[in-house]
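Please open the model in your viewer and keep the sequence panel beside it. The tour below goes from one selection to the next.

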Amino acid sequence: MKFSKYNFVFENILPNSKRSVIYNSRTGALAVLESKNHLQLLDFVDNRTLIEDLDFKESLYHCGYLVDDDFDELQQIKLDLLSQRHDKSIMNLTITDIYPLPKHCFCQADHCNSWCIDSLGNVYKCLSDIGIENRKVATLSDFLIQNTPLFHSYMLYDATEDPVCRTCKYLPICMGGCPYFRIHSNRSCDYRKYNLEEYLAGCAKALFAKVT
Ligand code: SF4
């Protein structure tokens with residue numbers, strides 16, 4: 001087994017506690033670790049020392065903190081992206097929970113099941129494109145894709161192939177950031193990149209308060 005490359009371990013973020021917090025962006029799992037378990041985990045990561053507490057090891061595996069040696073996490077993220085992007089049974093909502101769960105498309109703009117329609121029946125992929133004539137991708141009357149380059153820019157982007165994003169630990173919860181900004185200006189990393197530790201510390205404190 002190996003340590004997931006999407007693990008984030010935070011030490012000293014819980015007040016008056018030696019416990020640490022571990023989060024995995026590919027599975028969304030969040031846990032508070034007792035210091036003895038944290039030490040076991042560190043020993044495994046640094047020295048490949050076997051984790052003797054089998055219940056602890058099983059929990060780590062179950063939550064995705066540990067994965068099989070031959071498991072390619074990036075390929076799994078790619079598979080999830082491609083299968084879910086074209087799954088017509090999924091409604092991709094633009095208003096999501098604040099908690100950083102893994103996502104497969106960034107928003108409605110890069111999901112096959114989501115469209116924006118203006119009062120004239122023009123169809124767009126992104127809310128920010130509404131009203132801009134050359135950014136409509138179809139009309140309701142025939143629903144034939146008219147602006148193929150723009151449509152493809154939204155729908156064919158694969159963050160797992162992006163040279164920067166594919167090595168980023170935030171990839172599962174960001175998937176390349178806002179498509180509109182990516183296409184029309186610059187890469188726009190998800191805001192969680194800048195406040196993940198602070199936010200998860202708050203979640204961990206709330207969780208911890210419930211069980212103590
Ligand atoms: S857009 Fe930024 S935060 Fe998101 S996956 Fe790419 S590099 Fe990471």
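Which residue is the bridge partner of Y23 in β4? Select both strands to find out: in β4 the partner of Y23 is L30. Before going further, note that this is a predicted model, in which local features need pLDDT of at least 70 and side-chain atom pairs count only at pLDDT 80 or more, while totals for chains, interfaces and linings use all residues. Residues are numbered from 1 along each chain as its sequence is written.

**The strands around β3**

Stay with strand β3 (residues 20-24) and strand β4 (residues 30-33), which run antiparallel and are joined by four bridges; strands here are DSSP runs (E, at least two residues), and helices are runs of H or I with at least four, both numbered from the N terminus. Two strands are said to pair if DSSP finds at least two bridges between them. The hairpin that β3 and β4 form has five residues between the strands, and G28 in its turn has a positive phi of about 80 degrees.

Now colour β3 by burial, where a residue is buried if 20 or more other C-beta atoms, placed from the backbone, lie within 10 Å of its own, exposed if 12 or fewer, and partly exposed in between. Five of the five residues of β3 are buried, so this strand is largely enclosed by the rest of the structure. S20, I22 and N24 point one way, and V21 and Y23 point the other way.

**The cores**

Select next C105, F106, Y154, A159, L171 and M175, which have the most contacts inside the largest nonpolar core, one of 20 residues; such a core is a set of buried Ala, Val, Leu, Ile, Met, Phe, Trp, Tyr and Cys residues joined through C-beta atoms within 7 Å. The elements giving two or more residues to this core are α3 (73-85), β7 (122-124), α4 (148-155) and α5 (171-174), and α5 supplies the largest share, three residues. Apart from this core lies another, of eleven residues, among them I22, Y23, L33 and Y65.

**The ligand**

Finally, show the ligand and the 13 residues around it, of which C165, C168, C174, G177 and C189 come nearest; a residue counts as near if its C-beta atom, placed from the backbone, lies within 6 Å.
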